[in-house]
Amino acid sequence: MHTNETVRIVEVGPRDGLQNEQHRVDTAIKLELIERLGNAGLTCIEATSFVSPKWVPQMADHAELMLRLKRKSGTRYPVLVPNMEGFDAALACGAKEVSVFAAASETFSQRNTNCSTTESLRRFGPVLDAAMREGVRVRGYVSCVVGCPYEGAIDPLRVSEVAGELFALGCYEVSLGDTIGVGTPDSVARMLEAVSRRVPVAHLAGHYHDTYGMAIANVHASYAFGVRVFDASIAGLGGCPYATGASGNVATEDVVYLMQGLGVSTGVDLDRLVETSDWISGVLGRKPASKVARAVLAKRTSH
Ligand code: HMG
Ligand code: MG
């Protein structure tokens with residue numbers, strides 16, 4: 001079955017995935033990962049974050065990575081920035097797209113960025129102004145859209161306020177992060193209902209972590225709601241350094257497989273993706289967290 005629908009996948013493995021690795025991953029490995037992901041057909045790959053190296057040492061090589069990055073034409077390489085210092089550094093390294101990030105939970109905001117949500121939004125004003133002047137696109141993230149590791153359940157209305165402010169500031173898209181993966185299709189749909197009253201669904205993305213194994217179900221529920229952009233991480237890599245126990249994002253392979261089953265095009269070659277998943281998991285000394293990758297690899301070795 002084929003529909004005319006398409007879904008855009010934002011690959012966040014090199015950033016959200018690798019920011020949480022215990023051991024330092026070489027810049028050369030990160031660059032090879034980004035190249036392989038591009039060759040598998042991913043056209044939006046979040047490459048790194050320009051945050052404090054004291055806070056997130058895994059991303060300390062951000063400048064070197066961006067300077068050495070071989071850009072594929074037609075592929076975008078957004079980077080995370082928390083403030084003007086990050087924006088200026090990213091711009092100096094040739095970034096053409098950045099993402100700012102705020103949280104629907106005050107405690108998470110303090111732990112993640114050492115400031116309140118209001119203060120983090122205030123810092124984004126100058127970032128968006130400068131980005132506009134420089135022709136840089138800005139995406140916005142909201143963390144803790146269903147639950148917070150410190151505060152528990154989060155009110156969908158608060159999520160809609162933060163998402164609405166990011167959109168009003170000029171973010172072209174707002175990515176909704178279930179940071180600790182506690183959402184279920186119903187709680188995610190309730191959250192989307194509230195947020196879509198402030199931000200049109202065409203400008204929303206789902207960013208679901210898989211801690212409770214619900215991420216792919218949440219992608220499906222969001223797709224049914226009308227969301228057409230999903231963040232995903234190769235091999236399900238990752239977590240968040242400020243959300244202990246949180247696991248990686250929904251695996252990119254799983255999203256591609258789900259969309260194939262729905263007759264929805266993603267532009268991604270599943271075989272090449274699985275090869276990349278197998279390769280990076282091997283480099284990190286583990287098996288892919290993605291069940292799709294495991295199944296495809298098991299089938300290959302049995303032939
Ligand atoms: P701070 O310590 O409050 O900042 O950190 P400060 O302004 O007082 O500066 C302190 C030092 O940091 C100074 O250096 C600054 O130069 C430096 P020093 O004088 O001590 O040597 N600094 C920077 N260095 C590099 N890049 C910068 C930068 N800004 C200041 N941009 C700050 C505040 C926001 C910087 C810090 O808290 C930070 O870097 N936090 C980032 C945390 C992070 O990266 N978290 C993970 C990403 S978010 C995420 O994963 C969620 C998401 O996936 C969605 C979801 O799943 O929910 C997006
Ligand atoms: Mg995340």
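The following exercises, each with a worked solution, concern a predicted model.

In this predicted model, local features need pLDDT of at least 70 and side-chain atom pairs count only at pLDDT 80 or more, while totals for chains, interfaces and linings use all residues. Residues are numbered from 1 along each chain as its sequence is written, chains are lettered from A and ligands numbered from 1 in the order in which they are written, and side-chain values use heavy atoms, with hydrogens and water left out.

**Exercise 1. The metal site**

Determine which residues coordinate the magnesium ion (ligand 2) and how their donors are spaced along the chain.

Solution. Begin with the criterion: donors are N, O and S atoms within 2.8 Å of the metal (3.2 Å for Na, K and Ca), and since water is not among the atoms, sites may look incomplete. Under this criterion the magnesium ion (ligand 2) is coordinated by Asp16 through OD, by His207 through NE2 and by His209 through NE2, at 2.0 to 2.3 Å. Next, read the donors along the chain, where they follow the spacing D-x190-H-x1-H. Asp16 lies in helix H1 (residues 13-17) and His207 in strand E9 (residues 204-208), so this pair ties together parts that are 191 residues apart in sequence. Helices (H or I, at least four residues) and strands (E, at least two) are DSSP runs, numbered from the N terminus. Finally, consider accessibility, for which buried means under 20% relative accessible area, exposed over 50% and partly exposed in between (1.4 Å probe, protein chains only). Asp16 is buried at a relative accessible area of 3%, and His207 counts as buried at 5%.

**Exercise 2. The packing of helix H9**

Solution. Start with the geometry, in which axes are lines fitted to C-alpha atoms, for helices over the stretch in contact, and angles run from 0 to 180 degrees between N-to-C directions. The crossing of H9 and H10 is right-handed; a crossing is left-handed if the near helix is turned anticlockwise from the far one by less than a right angle, and right-handed if clockwise.

Then list the contact, meaning heavy atoms within 4.5 Å. On the H9 side stand Ile216, Val219, His220 and Tyr223, which meet Asp254, Val255, Leu258, Met259 and Leu262 of H10. This contact comprises 7 nonpolar, 1 polar and 1 charged residues, where Ala, Val, Leu, Ile, Met, Phe, Trp, Tyr, Cys and Pro count as nonpolar, Asp, Glu, Lys and Arg as charged, and the others, Gly among them, as polar.

From H8, the contact involves Pro185, Val188, Ala189, Leu192 and Glu193, and from H9, Ala217, Asn218, Ala221, Ser222 and Phe225. By class these are 7 nonpolar, 2 polar and 1 charged.

**Exercise 3. Positive phi in the loops**

Locate Cys144 and Ala235, and decide whether each is buried or exposed.

Solution. Most residues other than glycine have a negative phi. Cys144, although not a glycine, has a positive phi of about 60 degrees, and its place is in the loop between strand E5 (137-143) and strand E6 (147-148). With 0% relative accessibility, Cys144 counts as buried. Ala235, likewise not a glycine, has a positive phi of about 65 degrees and sits in the loop between E10 and H10. Its relative accessible area of 2% makes Ala235 buried.

**Exercise 4. Helices H4 and H6**

Classify the packing of H4 against H6.

Solution. The axes of H4 (residues 84-92) and H6 (residues 117-134) come within 9 Å and cross at roughly 20 degrees, and the two helices are therefore roughly parallel. Their crossing is right-handed. Met84, Phe87 and Leu91 of H4 make the contact with Pro126, Val127, Ala130, Ala131 and Glu134 of H6. In this contact 7 residues are nonpolar, none polar and 1 charged.

Note on methods
Angles under 35 degrees count as roughly parallel, over 145 as roughly antiparallel, 65 to 115 as roughly perpendicular and the rest as oblique.
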